[in-house]
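My entries follow in the order in which I checked things.

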Amino acid sequence: MKHLSFTVAGTIALSILMSACNTSKKSTQVAGPVAVSTPSQTTAAVHKVIYGEWIAYQVGDQLVTGADRPYIIFNGDNDSHTTNYVKIYGNDGCNVINGAYTITPGGKMVCASELISTLRLCPDAPYEMGMTLALNNVQKFELDKIGNDYLLSMKGANDSTLMVLRKYDLNFINGAWAVTSIDGEKVPETADLQLVIDTPEQKIHGSVGCNTMNGTIVINPDLQNSIRFTDMITTRMTCPDIETEQALLTALSKVTTVTPIDDMAGAQLKDEAGNTLVVIKRIQLR
């Protein structure tokens, strides 16, 4: 997923965030409940979920909106997947932040190092202070899976929710696919319609008949299982089966969500009303 990018003249200074890893500040309660359940798996199992990129979903009492949203990436190195030590990297909507936390399966999350940040001053960074407060004061975490997505609630010592992060798990859609049906009509294997979907790079390309196609993937952070295909361009060869090709391109332009089927060996691309437009099955490219 692409992130916010900033240009800073000169050397970027790093400083210790005020009250880093200090739980003495008063936390802000999130408005409205968030349904969560604390995992009781092994450390490795918890890290398997937590590792990766999380978009800020709610900070304090604010729902996070806008196209470019703050994010946190949890990762580790060496044998950290079997220990409690987890590093973070992210952006609070203004500054780059780095730190480390101890995360245990019982639901504890506490600072393991001082949190550091760049010192950029931004005229509009509505979530910066709330994210700093949450990262400095977190004591516990709770996880909940919603469809293919996850919510991570970061909580203070008094169980108040400081920040909620959301992880959009669309890994199941990455890879090469054969189109098996369009608008409910089975596609003959001779049509050889193939798509390659790459959500990290936000790209789609493939063969839609005798022509090749390239396009951009857009994900709506407010819609579960969101995926849209835009800016699609194709070569312009004249083909005997041009109607099937046009039907596929039209269907792809209407897609808003994707759901896995057949134990993730296939997927359904749907419109905003939930109608299945395109069915695809996973293949290995020759």
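**Entry 1. Whole chain.** I started with contacts, where contact means heavy atoms within 4.5 Å. Of the contacts in the protein with a separation of 6 or more, 55% are between residues 24 or more positions apart. I note that this is a predicted model, in which local features need pLDDT of at least 70 and side-chain atom pairs count only at pLDDT 80 or more, while totals for chains, interfaces and linings use all residues. Residues are numbered from 1 along each chain as its sequence is written, and side-chain values use heavy atoms, with hydrogens and water left out.

I looked up the secondary structure and found 3 helices and 20 strands. Helices (H or I, at least four residues) and strands (E, at least two) are DSSP runs, numbered from the N terminus. Next I looked up burial: 45% of the 286 residues are buried. Buried means under 20% relative accessible area, exposed over 50%, and partly exposed in between, with a 1.4 Å probe and protein chains only. I have the accessible surface at about 14,600 Å², with 51% of it belonging to carbon and sulfur atoms; these areas come from the Shrake-Rupley method with a 1.4 Å probe, and for residues only the protein chains shown count as cover.

Entry 2. I counted two strands as paired if DSSP finds at least two bridges between them. E4 (71-75) and E5 (85-91) are antiparallel, with 5 bridges, and Ile-72 has Gly-90 in E5 as its bridge partner. E5 also runs antiparallel to E6 (residues 96-104), joined by 7 bridges; there I found Tyr-89 bridged to Asn-98. The hairpin of E5 and E6 leaves 4 residues between the strands, and Gly-93 has a positive phi near 100°.

**Entry 3. Asn-84.** I looked up this residue in the loop between E4 and E5. Asn-84 has a relative accessible area of 30%, so I list it as partly exposed. Leaving out residues up to four places away in sequence, Asn-84 touches Thr-43, His-47, Tyr-101, Thr-102, Ile-103 and Thr-104. Thr-102 is 18 residues from Asn-84 along the chain, and I have their C-alpha atoms separated by 5.1 Å.

**Entry 4. Disulfide.** I searched the whole structure for cysteine sulfur atoms within 2.5 Å and got 1 disulfide. The disulfide joins Cys-94 to Cys-122, S to S 1.9 Å, and is right-handed, with 85° about the S-S bond. Cys-94 is in the loop between E5 and E6 and Cys-122 in the loop between E8 (116-118) and H2, so the link ties together parts 28 residues apart in sequence. I checked burial at both ends: Cys-94 is buried at 2% relative accessibility, whereas Cys-122 is partly exposed at 22%.

**Entry 5. H2.** Is helix H2 (residues 128-137) largely enclosed or open? I found 7 of its 10 residues buried, so H2 is largely enclosed by the rest of the structure. Among the buried residues are Met-131, Leu-133 and Asn-137.

**Entry 6. E12, E19 and E20.** I ended with E20 (residues 276-282), which pairs antiparallel with E12 (residues 175-182) over 5 bridges. Ser-181 has Val-279 in E20 as its bridge partner. E20 also pairs antiparallel with E19 (residues 266-270), over 5 bridges, and here Leu-269 is bridged to Val-278. I recorded E19 and E20 as a hairpin with 5 residues between them; in the turn, Gly-274 has a positive phi of about 90°.
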